[in-house]
Amino acid sequence: MPTKQTAWQKIKWTWQPSSEREAGDSIVRNFLLHWFPAKITKQSLSWSYSFWLGTISVALFLILTLTGVVLMFLYVPSVERAYLSVKDLEFVVSFGWFIRGLHRISAHLMVAAVFLHMIRVFLTGAYKNGTAASQNRPLNWIVGVMLLLVTLFLSFTGYLLPWDQLAYWAITVGTNIASAAPIAGEWMRFLLLGGSVIDQNTLLRFYVLHCFFLPLIVLFFFSYHMWRVRKDGGLACVDQLALTQKEGKAAPIKSKTYSLLGITRGTTVHVETSLMDEDHHTVQSSPNVTRRIAAVMIGTLLLTSLLAVLFRAPLEEPATPSITPNPAKAPWYFLWLQELVSDTTFHIGSVTINGALLGGVLLPGILILWLVLWPYFDKSPVQAVGVWLAGERKKQNLVFLIVILCVVIFTIVGTFMRGPYWDLYWPWQAWPEVPRKL
Amino acid sequence: MSDPNSQKEDSSNHPTHPEGKKDNSRRFFLARLGLGSTLLALAVQAYAFMRSLVPNVLYEGPKRFKIGLPTQFGEGARFLEEKRVYIFRERNTFYAISAVCTHLGCTVKMQRLNQPKKVSFGGRQFEEQAEFHCRGHWVITNWSYPRMMGN
């Protein structure tokens, strides 16, 4: 480090280190940068390995937090004023339409990004442990599934807040599906709604869950998720690198001996390392990782801003309990569930087999359980860790992709092909006029 | 997709590398342009966020309002609770005085004096017939009822 530094140099040297030593030092000396390892493999930086979907999810969460805080000053969680405050946001508040649009687009994209991230991790076998000691990637996979569920719940709670017809009936459908759960279903619905009907209690509970509790839970799980990634030795592709390195004897090297009170210098018991040519495979985190994260974050903000300008957030009529839209649909990320519910409802004579239980609770419950437990049933070899569509995991990847495809198909059918009275229509087919009030 | 093995992200090749030479190459110019544009875009977004918190429309009551017809007001004082204002009538003269205390904004209560007080204000003599008491802070103000004596 130069002996005389300007104030600007003191601020920026950790972000733009001018030597290898500064680059290593910056990780230790910068509060934000201590999150990262000092060095990172080039494979971990690859765009085509991970598509940086995890970082995109974080960027979207940050955008949601910032826009959400601003919206909290302007939105009123009261059934009499909620709709009017959202209308104010759209038409009276300066840039209100943009902030609301950015918030909505980021919410939808975050659900998609987290979903895609999960697919990527599965297809690369990154939920499997590699060769390093005390790895527990299956646990981190479970944390990831929890994060996906919390993300969906965050989006669901936010969906109600505009208190328009779209919001009211989407939550009506969603909570009624959930109430089909055996034993605790009705009680869960009662607790969630704060009563039997969707009213002021519901709005307030959803608001507090959306603005406080669920983001807190996301922060907690996310912190642990990232800590686990570091503890497991980084991304799974790093394990592949370790497997391909040849073991060999190396001369004893100067290393550190850790004592109770601190770190002392001198030679110690020589340790064989399997990552022999580290210099060839790794780069300094500062500025390589920091630059890519900045690029991903700015790119995400740019994309969401553009989409917010192009696709304005909808605001339908104020919520009216006596008028049900035809059709009444759940939020898009639950439409596959609603489609399953309608497809598993059978009438045999005078008996109705409840689709909400079968398609809305049991099937998705089994799917989530399968997701959570799958890493423990995966017996593929360690060579399949961190490899896209590894041959050793062909069958499980195929099964997974078929399930994902089914979810996507059901979502598309529910979004674009279900019209009035839940009849099937081609996307280009016009819907018939239906009476507003029955 | 870029091949990570072929990339060398050595910081010394950065156009603004402090130990390297600051050059006027196209790369340096474009890097600076990109950085400037990004910062400008972020600044505009930050401004939009801050500006949205400044209200354009207030849903408070109007500052100018009608209180009724003269025939609705008798001699003396009357307090309009929802507007927080005292209306005084002396024959054909009307006074409207805000009941919002100038100290900290409490609503003051008018207290008629048993015996009028003589006060001097601006070199002139006045007879004080009532006082305004702030119950919240025990502030007594007589500013708001100037009543000229005699002549």
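1. A residue is called buried here if 20 or more other C-beta atoms lie within 10 Å of its own, exposed if 12 or fewer do, and partly exposed in between, with the C-beta atoms placed from the backbone. Trp163(A) counts as buried because it has 26 C-beta neighbours inside 10 Å. Its place is the loop between α7 and α8 (165-178) of chain A, and its phi is near 60°, a positive value in a residue other than glycine.

2. Before going further, please keep in mind that this is a predicted model, in which local features need pLDDT of at least 70 and side-chain atom pairs count only at pLDDT 80 or more, while totals for chains, interfaces and linings use all residues. Residues are numbered from 1 along each chain as its sequence is written, and chains are lettered from A and ligands numbered from 1 in the order in which they are written.

3. Chain A has 16 helices and 6 strands, where helices (H or I, at least four residues) and strands (E, at least two) are DSSP runs, numbered from the N terminus. The C-alpha trace of chain A spans about 85 × 55 × 45 Å along its principal axes, and 34% of its 438 residues count as buried. If two residues are said to be in contact when their C-beta atoms, placed from the backbone, lie within 7 Å, then 73% of the contacts in chain A between residues at least 6 apart in sequence join residues at least 24 apart.

4. How do helix α7 (residues 137-160) and helix α10 (residues 200-231) of chain A cross? Their axes, which are lines fitted to C-alpha atoms over the stretch in contact, with angles running from 0 to 180 degrees between N-to-C directions, come within 9 Å and cross at roughly 160°. That makes α7(A) roughly antiparallel to α10(A), a term for angles over 145 degrees, whereas those under 35 count as roughly parallel, 65 to 115 as roughly perpendicular and the rest as oblique. The residues of the contact of α7(A) with α10(A) divide into 18 nonpolar, 6 polar and 1 charged, where Ala, Val, Leu, Ile, Met, Phe, Trp, Tyr, Cys and Pro count as nonpolar, Asp, Glu, Lys and Arg as charged, and the others, Gly among them, as polar.

5. Most residues other than glycine have a negative phi, and most peptide bonds are trans. Which peptide bond is cis, with omega near 15°? The bond from Ser286(A) to Pro287(A) is, and Pro287(A) has its place in helix α13 (residues 285-310) of chain A. A cis peptide bond also joins Asn326(A) and Pro327(A), with omega about 10°, and Pro327(A) is in the loop between α13 and α14 (335-343) of chain A.

6. In chain B, Arg84(B) has a phi near 55°, a positive value in a residue other than glycine. Arg84(B) lies in the loop between β1 (76-80) and β2 (85-90) of chain B, and is partly exposed, with 13 other C-beta atoms within 10 Å.
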